[in-house]
Amino acid sequence: MKLFAFFVAAVFATASVKAQTADEVINKHIEAIGGLANWKKVTSVVQTGSMTVQGMNIDLTITTLSGKGSRQDIVAMGMTNYMIVTPTEGWRFFPIQGQQAPEAMTADDVKESQDMLDPSGTLVDYKAKGHSVEFLGKEDVDGTECLKIKLTQKGGKVETYFIDPSTYFIVKTVSTIKANGQEAEVFTTYSNYQKTPEGLMMPMSMSIPLGPGFNADLTVAKVEINKAVDESIFKVSK
C-alpha cells in the first residue's frame, strides 16, 4: 500500500513539474515580448507588408479586431483578394483563382479559424481563453535547442511552439489544420523581432514552406496597435 501511495505521489509530482515548466516557459516568453499587462491592453492589430511567392510580389494587410473579426486583404497581379473571419461566419474572395463572387466558408473552416480573432496570440492568457498546454522538452531548430510547448485550443486545434531559450521568442510554430476534410501541418518560422511604440516585440519576418524548394516569405513593414477599426470591413462587399 505504501509503495502504491509513493507511486501515485511520484506520478502527480511529475505531472506538476511538467505543468510548472510549461507555465514557466510561457511566462518568460510573454515577459520577453512585452509583458502580460501590455498584451491585455491590445484590442486591435493592423499589419501591413508584402509577401514573395515564387518571385511574385504580393501586398498584404491583416486587420484583427479582438473577438470581432479578422480580414486579410491581398493584392496580387493587380487583383484585390480577401478573406474575412468573424465569430460566426467567414468568406473568401480570390479572383486571382478565378472566383467571380465571395464564397462563404464552411462551419468547420470558420471554427478552425477562430484563433485569427485573437490579436495577442493563443499563448497570452491561455488559461482564461480555455486552452491547455504541455511542455514537450527540447528540439533542434536550425541549430538551436528550442523549448517545445504544445497548446490545444478550446476548440481542439493543436499548435506547437518552438521557443529560443536565449531570447524566449517564438522561432517556429507547427499548426495542425483541417482543409477539405483532410488534416495538414503548417510550418511557420519567425525572425527579425522589433519593438512597437507600445513596448511589444513582434516578428517582422515570417516564412511558410509551400513545397520542395520554395516558401512564402512575408515581410511586415508596419504594425499599428489599437488603431480604430470600422467593423463594416468584416462584412462582404456588395
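Which residues is leucine 36 in contact with, leaving aside its neighbours within four places in sequence? In this predicted model, the partners are Ile30, Val124 and Asp125. Leucine 36 itself sits in helix α2, which covers residues 36-39. Its relative accessibility is 35%, so leucine 36 counts as partly exposed. Serine 120 is 84 residues away from leucine 36 along the chain, yet the two C-alpha atoms are separated by 9.6 Å.

Aspartate 125 has a phi near 55 degrees, a positive value in a residue other than glycine. Most residues other than glycine have a negative phi. Aspartate 125 is placed in the loop between α3 (107-112) and β7 (132-141).

Now step back to the whole chain. The secondary structure comes to 3 helices and 13 strands. Of the 238 residues, 41% are buried. The accessible surface comes to about 13500 Å², and carbon and sulfur atoms account for 55% of that area. Contacts reach along the sequence as well. Among those between residues at least 6 apart, 38% join residues at least 24 apart.

How confident is the predictor? The pLDDT averages 88 over the chain, and 88% of the residues score at least 70. Residues 1-20 are another matter: their pLDDT is below 50. Beyond near neighbours in sequence, this stretch has 1 contact in the model.

Strand β2 (residues 56-65) pairs with strand β3 (residues 69-76) in the antiparallel sense, over 7 bridges. Within this pairing, threonine 64 has serine 70 in β3 as its bridge partner. The hairpin of β2 and β3 has 3 residues between the strands, and glycine 67 takes a positive phi near 70 degrees there.

Strand β3 also pairs with β4 (residues 79-85). These two run antiparallel and are joined by 7 bridges. Glutamine 72 has methionine 83 in β4 as its bridge partner. The hairpin of β3 and β4 has 2 residues between the strands. In this hairpin, methionine 77 takes a positive phi near 55 degrees.

What lies inside? In soluble globular proteins, nonpolar side chains tend to be buried together. The largest nonpolar core here has 44 residues. Ile149 and Ile163 have the most contacts inside this core. Strand β13 (residues 214-225) gives the most to this core, with 5 residues. Apart from this core lies another, of 9 residues, among them Tyr82, Ile84, Trp91 and Val236.

Which residues surround isoleucine 149? Not counting residues up to four places away in sequence, isoleucine 149 touches Ala22, Val25, Ile26, Leu123, Val133, Glu134, Phe135, Glu159, Thr160, Tyr161 and Ile163.

Valine 223 gives a view from strand β13, where it lies. Its relative accessibility is 15%, so valine 223 counts as buried. Leaving aside neighbours within four places in sequence, valine 223 is in contact with Val45, Val46, Gln47, Thr196, Met202 and Met204. Glutamine 47 is 176 residues away along the chain, but the C-alpha atoms of valine 223 and glutamine 47 are separated by 4.7 Å.

Phenylalanine 169 lies in the loop between β9 (158-163) and β10 (170-179), while tyrosine 193 lies in strand β11 (residues 182-195), so the pair ties together parts that are 24 residues apart in sequence. Are these two residues buried or exposed? Both phenylalanine 169 and tyrosine 193 are buried.

Methods: Residues numbered from 1 in each chain as written. Predicted model: local features only at pLDDT ≥ 70, side-chain atom pairs only at ≥ 80, totals over all residues. Heavy atoms only, no water. Core = buried A, V, L, I, M, F, W, Y, C linked by side-chain atoms within 4.5 Å. Buried < 20%, exposed > 50% of the residue type's maximum accessible area, 1.4 Å probe, protein only. Helix = DSSP H or I, 4+ residues; strand = E, 2+ residues; numbered from the N terminus. Contact = heavy atoms within 4.5 Å. Areas by Shrake-Rupley, 256 points an atom, 1.4 Å probe, with all protein chains shown as cover. pLDDT = per-residue confidence, 0-100. Pairing = 2+ DSSP bridges.
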